[in-house]
Amino acid sequence: MYNIRIGIAFCGTAFVPYFLHLQMATIPLTLGVVAAGLSDIDDRFTIRILNQLYTYIGFFIASSAIQFLFPYPVVFAISLLFACVAWILLGSLGRRYATISYGCLVVSVYSMLGVHLFEEWYLQPILLVIGAIWYGILSTISFLIAPVRPVQEKLAKSYASLGDFLFAKSNLFDVDMTVKSYRQSMIDLSLENGKLISLFNEMKTALLTRLKGDRGRKATRRSLQYYFVAQDIHERANSAHIDYQKLAKHFKHSDILFRFQRILTLQAKACQDLSRHILKNKAYQHNLRFTQAFDNLKLSLEHLSIDYPHHPIWTNALSSLYKNLKSIDAQLRNLESEFEDIKLDEQLKDDDLKGWVDIKSRIKQNLTPESVLFRHAIRLSIVLFTCYLFIQITDIKYGFWVLLTALFVSQPNFNATKRRLRLRILGTLIGIVVGFAILHFIPSVEGQLILLVISGILFFELRSQQYAQATAFITILALINFNLDGGLGYAAVFPRMLDTLIGCFFAWLGVTFIFPDWKFRRLPRNIKKTLQAQCDYLKEIASQYHLGKNNNLNYRVIRRAAHNSDAELASVISTLATEPDLDQSYKNLAFDFLCLSHTLLSYIAALGAHREKIQDPHTLKLLDTAVIDIQRALLYDETPNLSVQKLKAYLEQNDAFIVLQQLSLMLGILNQLCTLKQNLNYIDADETTFGSI
């Protein structure tokens with residue numbers, strides 16, 4: 001449906017002006033569709049209409065400002081500098097404002113490209129807005145036909161990513177594991193976890209906006225149920241009941257690890273099958289092979305308890321893991337049959353604006369160099385300002401493509417910008433070669449218009465996943481557009497490539513020298529935030545062992561905060577490899593900390609997956625003592641009062657095995673985790689001191 005919508009939109013902007021002999025209007029109309037497509041926000045009907053109205057007003061103001069200020073280079077340059085900062089900081093108010101403001105920035109640059117097309121100042125702004133309105137009408141019709149389709153697509157992506165996470169988890173049960181392969185498997189698992197958490201956050205936003213205006217729509221409520229099941233599966237899948245390295249070494253010649261790995265692989269495939277069923281709107285059928293796989297695993301566990309009668313810790317830990325996987329299986333098996341009528345206010349936290357006080361607070365929070373958004377706003381505005389000065393000084397042909405390239409390539413962090421630089425250059429080169437061939441072999445206007453439509457569809461289809469290919473198709477679209485503007489397609493081929501290289505160069509300069517990431521990385525701050533969130537998560541779980549299991553909003557928010565901070569830490573540390581002149585030992589320490597931090601989160605998640613009310617006061621006292629010790633050690637570097645040996649001694653004679661086992665695992669890595677944290681803080685402090693000198 002998305003591709004059909006895009007196809008109809010481009011057909012309208014390409015062929016209606018052609019039949020009306022207004023071919024010059026094709027360029028602003030097409031660019032209006034592109035800008036509107038980039039600014040399209042999934043929301044419920046009333047807010048969608050409001051968003052579109054804001055978008056059209058913003059587009060008209062941005063384009064009109066370009067038309068009025070363009071003849072005055074000095075005023076234009078100063079206005080460009082401040083307008084860019086204002087548009088980007090508007091994004092601090094939330095996702096919808098960030099998307100609309102980005103669209104307005106794109107329209108501003110598009111207007112620079114077409115400022116010479118019409119004598120009357122108002123024609124280009126009006127045509128750009130008409131193109132945007134045309135896309136908005138089609139988008140609204142598409143929404144009315146299938147209002148829950150965007151939610152289903154996000155849900156499908158979430159389950160597909162959950163499958164990738166389970167595949168990564170299964171690698172930890174490799175009997176041929178080495179220290180190096182274990183470290184890499186933990187890094188991969190942490191990065192997959194970050195991707196999954198990001199999709200969960202998008203899914204939550206999509207559900208929240210739908211449920212606010214919901215009138216009992218069953219499909220939306222069903223999606224909410226699927227979302228909660230995915231979160232619970234993730235918590236159980238992220239659990240760790242034992243040290244995987246010791247497990248692989250101890251059971252290297254047993255079938256037990258192969259069977260656990262096989263079930264995790266089957267569950268990963270089941271999640272990906274479920275993803276495809278959601279997209280096709282079909283009922284999910286659970287794989288019958290699970291029954292035999294679990295039966296065989298159970299037999300292996302029974303033999304294990306016979307073979308290792310004096311090692312109850314191993315057998316109990318593996319039995320807990322078996323129960324965890326069995327619970328995941330039950331959730332997947334009963335997903336289609338179990339459905340609860342869930343109250344929205346008790347399950348999802350609303351992050352929307354709450355009034356003028358909230359607006360001022362959010363903007364104020366981002367008016368500091370510590371804010372990623374603020375740094376990006378200043379950096380991008382200076383880059384665009386410099387590009388404009390370069391264009392004015394050199395009078396380069398089609399120079400505003402430099403601005404457009406810099407805008408699209410510049411990202412908030414160094415790693416993402418560097419990646420886009422390569423893909424943009426590669427995609428532009430491919431697009432020029434293919435576009436040149438199209439202009440040569442398909443000289444007819446009708447043929448070129450058809451290819452313009454196809455290029456537009458493929459650009460939108462590929463832009464989020466295959467940036468190089470998407471760039472190639474938008475380059476083809478641009479060349480065809482210029483060819484429609486008096487047959488200038490051939491003349492635009494070389495300038496397009498040159499301007500892309502220049503724009504990429506300025507973007508690289510900006511991200512490298514203007515508020516570079518590594519000057520504001522503050523890894524110790526991210527570490528402290530992560531450990532604090534994990535301690536809060538552990539504390540909430542411990543309280544439920546006192547009061548009983550409860551999946552209320554508070555628990556879900558705290559759990560999500562722990563996973564969000566873990567994902568943020570993984571993102572920060574994963575960018576270290578691309579930072580220039582960073583000591584390799586620092587990188588190694590950071591990745592070691594990431595592995596151990598995610599291991600701690602996995603131990604906590606296992607405790608959360610098995611939480612239930614405990615009656616034994618001695619066990620509860622041990623739990624509370626351990627929680628306080630872990631919190632003081634991680635946050636304040638204090639020595640724990642409780643020892644692993646004391647917990648292990650009590651393990652032999654207590655029914656609450658899982659609680660004490662998980663606590664002993666946490667205490668077992670506590671010293672190493674604290675040492676890594678202190679070393680990273682020490683090195684970072686040295687770098688800060690050196691930088692200030």
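A: Happy to. This is a predicted model, in which local features need pLDDT of at least 70 and side-chain atom pairs count only at pLDDT 80 or more, while totals for chains, interfaces and linings use all residues. Residues are numbered from 1 along each chain as its sequence is written, and side-chain values use heavy atoms, with hydrogens and water left out.

The predictor's confidence in each residue, pLDDT, runs from 0 to 100. Its mean for the chain is 86, and 90% of the residues reach 70 or more. Residues 688–693 have pLDDT below 50, and beyond near neighbours in sequence this stretch makes 0 contacts in the model; a contact means heavy atoms within 4.5 Å. Where pLDDT is low, the predicted coordinates should not be read in detail.

Now to the rings. Rings of Phe, Tyr and Trp (its six-membered ring) pair if their centres lie within 6.5 Å; planes under 30 degrees apart count as stacked, over 60 as edge-to-face and the rest as tilted. The structure holds 26 aromatic pairs. One of them joins Phe505 and Trp508, a stacked pair at 6.5 Å centre to centre with 25° between the planes. Both residues lie in helix H20 (residues 489–513), 3 residues apart, about one turn of the helix. Helices here are DSSP runs (H or I, at least four residues), numbered from the N terminus. Phe505 is partly exposed at 46% relative accessible area, and Trp508 is partly exposed at 35%. On this scale buried means under 20% relative accessible area, exposed over 50% and partly exposed in between, with a 1.4 Å probe and protein chains only. Ring pairs also link Phe505 and Trp508 with Phe390, Phe506 and Phe513 into a cluster.

Two rings have a charge over them, meaning that NZ of Lys or CZ of Arg is within 6 Å of the ring centre and within 35 degrees of the ring normal. The charged end of Arg420 lies over Tyr467, 4.2 Å from the ring centre, and that of Arg556 lies over Phe228 at 4.0 Å.

Next come the cores. A nonpolar core is a set of buried Ala, Val, Leu, Ile, Met, Phe, Trp, Tyr and Cys residues joined through side-chain atoms within 4.5 Å. The largest has 122 residues, and Tyr159 and Phe260 touch the most other members. A second, separate core of 83 residues includes Ala9, Met112, Tyr467 and Phe482.

Ser158, in helix H7 (residues 149–170), is buried at 2% relative accessibility. Not counting residues up to four places away in sequence, Ser158 touches Leu196, Leu199, Phe200 and Met203. Ser239 sits in the loop between helix H9 (218–237) and helix H10 (244–250), and is buried at 1%. Leaving aside neighbours within four places in sequence, the contacts of Ser239 include Lys169, Asn324 and Ser602.

Finally, the cysteines: with a disulfide taken as a pair of cysteine sulfur atoms within 2.5 Å, the count comes to 0. Cys595 is buried at 8% relative accessible area, whereas Cys11 is partly exposed at 33%.

Terms used:
Helices (H or I, at least four residues) and strands (E, at least two) are DSSP runs, numbered from the N terminus.
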